[in-house]
Amino acid sequence: MTGKWNYLPLTPEEQKSEAALAKRYADCPPISELLVRRGISSVEEAERFFHPSLRNLHDPFLMPDMDKAVQRLNKAMGSKEKIMVYGDYDVDGTTAVALVYKYLRNFYSNIDYFIPTRYEEGYGISSETIDEFASQGVKLVIILDCGIKANEEVAHAREHGIDFIICDHHVPDTELPQAAAILNPKMPGSTYPFEHLSGCGVGYKLMQGFALSNGIPQNELEGMLDLVAVSIAADIVPMTGENRVMTYFGLRRINSNPNLGLRAIIRICGLSGKEISISDVIFKIGPRINASGRMQSGREAVELLVSRDFNDALRCARNIDQYNKDRKELDKRITEEANAILAEHPDKVAGKKSIVIFNKDWHKGIIGIVASRITELYYKPAVVLTLSNGLATGSSRSVQGFDIYKAVESARDLLETFGGHPYAVGLSLREENIPEFRRRFEEYVSANILPSQLNPSYDIEANISFAEITPEFISMLRRFQPFGPKNPRPVFRTRGVTDFGTSKLVGRQLEHIKLELVDDTCGKVFNGIAFNMAPLFEGIHAGRKFDICYTIEDNKHKGASGAIQLQIKEIVFCD
């Protein structure tokens with residue numbers, strides 16, 4: 001499928017900003033355009049962007065209810081109440097629980113943590129779990145990465161004399177739980193300067209507030225930013241503002257002196273001694289931590305991340321690595337089954353703007369990944385459902401720019417539970433309601449999705465020639481990291497490139513092209529890789545000119561230290 005290449009010329013106002021920035025970054029002309037496209041309009045803003053500082057983190061007490069949360073936590077510790085740290089079973093939830101529990105245990109011993117299993121307790125917190133906490137004498141629950149919709153459960157807890165501090169980042173409902181404090185940057189009317197924190201990020205802000213209120217130096221807390229960085233990368237929240245600052249310093253920690261549990265995962269991944277990037281966190285570290293909650297219990301992930309002994313951490317890491325291998329096998333099988341169903345029933349796809357698919361035998365822990373695969377393949381919002389504890393339970397994923405939370409919410413009267421954010425939502429409903437949900441979901445998507453959102457597209461940030469890809473430019477480009485949503489790896493276009501004569505097919509089935517390219521602006525040869533583009537090789541090898549849409553990435557293959565590689569997104573021949 002050929003995508004659309006979008007290049008929007010800068011507005012007159014943006015051109016003024018670009019001209020001012022160009023004076024400062026004259027050695028690298030495209031840099032000023034990249035900065036402007038990120039909303040940066042002055043040299044001062046650019047320098048803050050290029051030099052992240054922990055001083056740029058916001059005062060935690062700007063978050064509504066932070067004073068109440070800290071007061072309740074201090075009261076619990078002063079009265080020696082039992083505190084339970086509770087969180088979701090995914091990467092964001094487990095890192096959040098690990099951070100809060102590990103930090104507070106430095107000052108307080110009457111504290112424990114709990115992670116529900118995906119298959120028994122399910123998402124969020126249940127009244128049965130609260131009853132168990134009551135029997136243990138728990139008086140305060142700090143709930144992380146969930147809880148914003150637990151109205152009935154929090155009310156039930158209050159009847160048992162248990163207070164809740166909710167640390168969540170999911171979209172709240174109009175009616176809120178009657179908790180002791182709710183920390184959520186998405187709360188209606190919130191004036192907190194940054195609304196895109198991860199669940200672990202909200203937990204970090206609570207610990208910041210606790211430290212400030214008690215006059216505790218923040219050095220040790222800042223040393224836990226590696227956990228926050230993992231949560232931000234895995235939860236795909238915007239890599240701007242506080243998230244970018246915390247990820248920047250978290251990556252530094254991962255590369256210098258990481259948490260023992262992360263160190264064990266790094267060894268298992270084969271990343272020891274290598275410079276670990278945000279891509280390594282997203283594709284290697286995060287999925288392994290996530291596999292614990294998907295395949296067994298997220299509690300094992302927390303055990304790993306709070307471990308005080310490296311041998312224990314390594315043992316946990318090996319178990320989790322095996323879960324990840326099992327997860328990959330299930331993921332492959334279920335994705336193949338889902339694609340087979342859609343191939344056998346073209347009416348589920350043809351003419352539709354969305355996909356809703358159900359199989360009662362699929363593994364609950366994998367369906368979110370399968371939803372992502374289907375969305376990538378068909379480029380339509382997708383919901384994948386299975387049967388769990390008597391309900392059709394599932395996950396949804398969206399295409400770029402389409403708010404799937406609103407699409408699911410449009411059929412909320414058919415749902416038992418739902419929650420999430422614009423690109424991913426979890427939901428459950430009665431099996432008999434699936435046909436009506438499928439109809440209503442399709443109706444909403446058809447009425448609201450734009451035609452351009454149903455095809456892949458690439459937002460070109462700058463048109464550049466090979467002559468502009470200088471060592472100075474590459475050095476400046478690296479300073480845009482860490483990349484993520486709202487601060488993506490820049491996509492460039494270069495026109496009229498040709499094969500140097502040495503490009504070749506690679507891969508087990510010769511399905512990829514290893515490119516060596518030149519253009520008319522300089523004599524330097526640039527290496528590139530074009531995955532699954534073998535059908536274009538004949539034209540390339542014949543010497544035809546073509547335009548490329550690509551990102552510039554560090555080549556991490558052995559012997560390529562410091563080298564770059566063009567990651568080709570698409571190729572279009574000029575004639």
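Which residue forms a salt bridge with R72? Hi everyone, let's start there. The partner is E81, and the closest N and O atoms of the two are 3.0 Å apart. Before I go on, please keep in mind that this is a predicted model.

Back to our pair: are R72 and E81 buried or exposed? Both of them are buried. In total, the structure holds 26 salt bridges. The general idea is that side chains of opposite charge can pair when their charged atoms come close.

Let's look at two others. R412 pairs with E409, with 3.6 Å between the closest N and O atoms.

Next, find helix α18, residues 434-448. E436 and R439 both sit in this helix, 3 residues apart, which is about one turn. Their side chains form a salt bridge with an N to O distance of 2.7 Å. E436 is partly exposed at 29% relative accessibility, and R439 is partly exposed at 43%.

Now for the nonpolar side of the story. In soluble globular proteins, nonpolar side chains tend to be buried together. Here, the largest nonpolar core has 80 residues, and L73, L99, I142 and L206 have the most contacts inside it. Helix α5, residues 91-104, gives the largest share of this core, with 9 residues. A second, separate core has 41 residues, among them C28, L35, V497 and I513.

Leaving aside residues up to four places away in sequence, I142 touches several others, including L73, I83, V100, I165 and L206.

Last stop, the sheet. How many strands does this open sheet have, and in what order? There are 5, arranged β3-β2-β4-β5-β6, with parallel pairing. At the edges are β3 (111-114) and β6 (181-183), each pairing on one side only. From one strand to the next, the twist averages 20°.

Inside the sheet, β4 (residues 138-144) and β5 (residues 163-167) pair in parallel over 5 bridges. For example, L140 has D163 in β5 as its bridge partner. And helix α5 comes back here: α5 packs on the sheet and touches β2 (82-87), β3 and β4. The direction of α5 makes about 155° with that of β2.

Note on methods: Residues are numbered from 1 along each chain as its sequence is written. This is a predicted model: local features need pLDDT of at least 70, side-chain atom pairs count only at pLDDT 80 or more; totals for chains, interfaces and linings use all residues. Side-chain values use heavy atoms; hydrogens and water are left out. A salt bridge is a side-chain nitrogen of Lys or Arg within 4 Å of a carboxyl oxygen of Asp or Glu. Buried means under 20% relative accessible area, exposed over 50%, partly exposed in between (1.4 Å probe, protein chains only). Helices (H or I, at least four residues) and strands (E, at least two) are DSSP runs, numbered from the N terminus. A nonpolar core is a set of buried Ala, Val, Leu, Ile, Met, Phe, Trp, Tyr and Cys residues joined through side-chain atoms within 4.5 Å. Contact means heavy atoms within 4.5 Å. Two strands pair if DSSP finds at least two bridges between them. Axes are lines fitted to C-alpha atoms, for helices over the stretch in contact, and angles run from 0 to 180 degrees between N-to-C directions.
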